[in-house]
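Please read it alongside the sequence and the coordinates.

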Amino acid sequence: ALNMAEDTYWEDEYPPSKVLGPLMSKMPSGLLGMVSLVFLFACVYSCGQSFVLQQEPGALASGSWVKWYYVLGGAMGPLAWGTHVAAWIQRKNGM
């Protein structure tokens, strides 16, 4: 038997909460907004700290400014955007 995904098409200004999946569809918009801010802070802080490390003499040539935890923190930008959109969807749906 072929298992087909549920249709997520909508015609209104915003989609129904179910497009966020089983976990985020039940989260209130305020919580999603706070999670988004945490991800955004992690991204901005990590990018800023990487910039500071790049200023050290020879850091660009040696690559010593690349730290795994700042790379991980820099990757939080897309998550901040996604949770921001999820918060907007939940707010529009009255959650």
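## Cysteine pairing

The structure contains 0 disulfides, a disulfide being a pair of cysteine sulfur atoms within 2.5 Å. Cys-43 takes part in no disulfide, and its nearest cysteine sulfur, that of Cys-47, lies 4.2 Å away. Cys-47 likewise is in no disulfide, with the sulfur of Cys-43 as the nearest cysteine sulfur at 4.2 Å.

Cys-43 is buried, with a relative accessible area of 14%, whereas Cys-47 is partly exposed at 43%. Buried denotes under 20% relative accessible area, exposed over 50%, and partly exposed the range in between (1.4 Å probe, protein chains only).

## Basis of the model

The model is predicted: local features need pLDDT of at least 70, side-chain atom pairs count only at pLDDT 80 or more, and totals for chains, interfaces and linings use all residues. Residues are numbered from 1 along each chain as its sequence is written, and side-chain values use heavy atoms, leaving out hydrogens and water.

## Helix H2

Helix H2 comprises 26 residues (29–54); helices are DSSP runs (H or I, at least four residues) numbered from the N terminus.

Ser-29, Leu-32, Ser-36, Cys-43, Ser-46, Ser-50 and Leu-53 are buried in H2. The buried residues of H2 pack against helices H1 (21–24), H3 (59–62), H4 (68–74) and H5 (76–92), where contact means heavy atoms within 4.5 Å.

Note on methods. Helices (H or I, at least four residues) and strands (E, at least two) are DSSP runs, numbered from the N terminus. The expected span of a helix is 1.5 Å times one less than its number of residues.
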